[in-house]
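I opened my notebook to follow a few side chains around. Come along and check each entry as we go.

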Amino acid sequence: RDGVKAELVVRGTAAPFPEHITGPVIFNLSSATTRSSMAKYLGERTDDLPVQVDWKGLLEVLCTLTLEAVREGQPLQWAGQLPQSTGPRWLIDRFLPEGMVTSLYGPGGGCKSLTAALAAVCVSTGLPFLGLDPARRGKVLYCDYEATLDELDARVKLLSAGLHVTAPEIAYRTCAGPFHEQIEDVARIVSEHEIILGVVDSAGLALAGAAADGADANAGITRLYDALRYVPITWLLIDHVSNEGSERKGLAGRAYGSGYKGYLARRTWECKTGKEGIEGEQRIGLFRTKRNIRWPMETSLGLHIQFSESEITFTRESVGADPELAASLGLTERLWWSLTRKQPQAVMELAAELEEKENKIRATFSHDAHRKRPRFVKLPDGRWAIRAEEPASVAPTSQTPLMRIVGGDGPELPF
């Protein structure tokens, strides 16, 4: 509506021009009046130099070529006859799709930033992240709105001690203001240091002031995601939930604010804290909340975090092992966990334990019966159990330290 705008910086690269002439300023590429005004201003700025510049001509060429490039966009490509893909590409197997934006959101104090720091350490060192292997080892950039360099440095050292590795170096950038206004500098850092994973902590502050007054509420979100896609690496975006969402027994279902955040992210994980344990320990669950493409992927990850003065350790365990985290699972998964702990059970018993209506549980069993490989079986006395071929004998008590995990941990859920 108001033309194409850009940030203009004019610098001199050789004598007699000064290194800095003007900018950064917002410049309307589509406005002839703006071009004339800028040409006059630049002429005044360089009037005392022995070399005269045709600023109006230069700006005309600059605006014309830039507008043509913007309107041309990306080159046309064709889908349908590409070589057969071997499957999705992951930066961290089944957790972070490579080259895309993943959102990790949850209530404050839920160890989201600590989990992101663990992912950064694992990608930097090539170690498995909660038993999920990084596709490749590379450098990480942490764009921080909430904490300090010293705080991230301490976390990296403690996490590395828990993994028994030397702490890697992670690029750190303090951020303030809308993230999209800083993306050129971020792109420069990514290019110069060959960054493969970027973390933005957190979305709320990265969006602050991103939308103009009177603009659509989603405009700022769109600008943030456009900026992230402008730098084609893997991004992990930390976000929060509303007060109502953090107090809910189950999952909040989405990050704070507009649902557009979830629409634009390629993968979304909700972080939920478990039952309070002894001091120095925390249990959390990561729940996948977006299933737009049925890639093979974890639906939930249970984490047991232990803190000490010398190290922080993450242990992978089953979400169903913690009753508060298990409440965030789907009913089918909760039924499976209940029957894993005690079977067979009557519908009435299951309804009382899971605080669900009996009709809903019967409907879930009925739906399961129509699957190609049903998970549950109804016994002659009317009670329900897990089918013999399912791993019902595996109790949800496995706790394998992260650095010793090879092929997984605990029971593989039949979902």
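Predicted model: local features only at pLDDT ≥ 70, side-chain atom pairs only at ≥ 80, totals over all residues.

**Entry 1**

I looked up R35 to begin with. Is R35 buried or exposed? Its relative accessibility is 14%, so R35 counts as buried, because the limit for that word is under 20%.

Next I looked for the partner of R35. The side chains of R35 and E60 meet in a salt bridge, 3.3 Å from N to O. R35 sits in helix 1 (residues 32–45) and E60 in helix 2 (residues 55–72), so this pair ties together parts that are 25 residues apart in sequence. E60 has a relative accessible area of 37%, so I wrote it down as partly exposed.

**Entry 1: More salt bridges**

How many salt bridges does the structure hold? I noted 19.

One of them joins R94 and D93, with the closest N and O atoms 3.0 Å apart. R94 is partly exposed at 25% relative accessibility, and D93 is partly exposed with a relative accessible area of 26%.

I then turned to R155 and E151, whose side chains meet in a salt bridge of 3.1 Å, N to O. Both lie in helix 4 (residues 149–163), four residues apart, which is about one turn of the helix. R155 is partly exposed, with a relative accessible area of 22%. E151 is partly exposed too, at 35% relative accessibility.

I also found a network of salt bridges, and its members are R173, D185, R188 and E192.

**Entry 2: The chain as a whole**

I stepped back to look at the chain. I counted 13 helices and 16 strands. The chain has 415 residues, and 44% of them are buried.

I wondered what share of the contacts with a separation of 6 or more comes from residues 24 or more positions apart. The value is 63%.

For the surface, I wrote down an accessible area of about 22400 Å². Carbon and sulfur atoms account for 50% of that surface.

**Entry 3: Nonpolar cores**

Which residues have the most contacts inside the largest nonpolar core? They are I92, F95, L118, F129, L286, L301 and F314, in a core of 40 residues. Helix 3 (residues 112–125) gives the most to this core, namely nine residues.

Leaving out residues up to four places away in sequence, I92 touches A119, V123, F129, L132, D133 and P134.

There is also a second, separate core, made of 26 residues. I noted L141, C143, L228 and V231 among them.

**Entry 4: Rings that pair up**

How many aromatic pairs does the structure hold? I found seven.

I looked up F179 and W235, which form an edge-to-face pair, 6.0 Å centre to centre and with 80 degrees between the planes. F179 is in the loop between strand 7 (171–174) and helix 5 (183–193), while W235 belongs to strand 9 (residues 234–240). The pair links distant parts of the chain, 56 residues apart. Both F179 and W235 are buried.

My next stop was F365 and W384. Their ring centres are 4.0 Å apart and their planes are at 10 degrees, so this pair is stacked. Here F365 comes from helix 13 (residues 358–369) and W384 from strand 15 (residues 384–386), 19 residues apart. I marked both F365 and W384 as buried.

Ring pairs can also build a cluster here, as they link F95, F129 and W269. F95 and F129 were already in my notes from the largest nonpolar core.

C111 is in no disulfide, and its nearest cysteine sulfur, that of C271, is 6.7 Å away. C111 counts as buried at 16% relative accessibility.

Methods. Residues numbered from 1 in each chain as written. Heavy atoms only, no water. Core = buried A, V, L, I, M, F, W, Y, C linked by side-chain atoms within 4.5 Å. Buried < 20%, exposed > 50% of the residue type's maximum accessible area, 1.4 Å probe, protein only. Helix = DSSP H or I, 4+ residues; strand = E, 2+ residues; numbered from the N terminus. Contact = heavy atoms within 4.5 Å. Phe/Tyr/Trp six-rings, centres within 6.5 Å; stacked < 30°, edge-to-face > 60°. Salt bridge = Lys/Arg side-chain N within 4 Å of Asp/Glu carboxyl O. Areas by Shrake-Rupley, 256 points an atom, 1.4 Å probe, with all protein chains shown as cover. Disulfide = S-S within 2.5 Å.
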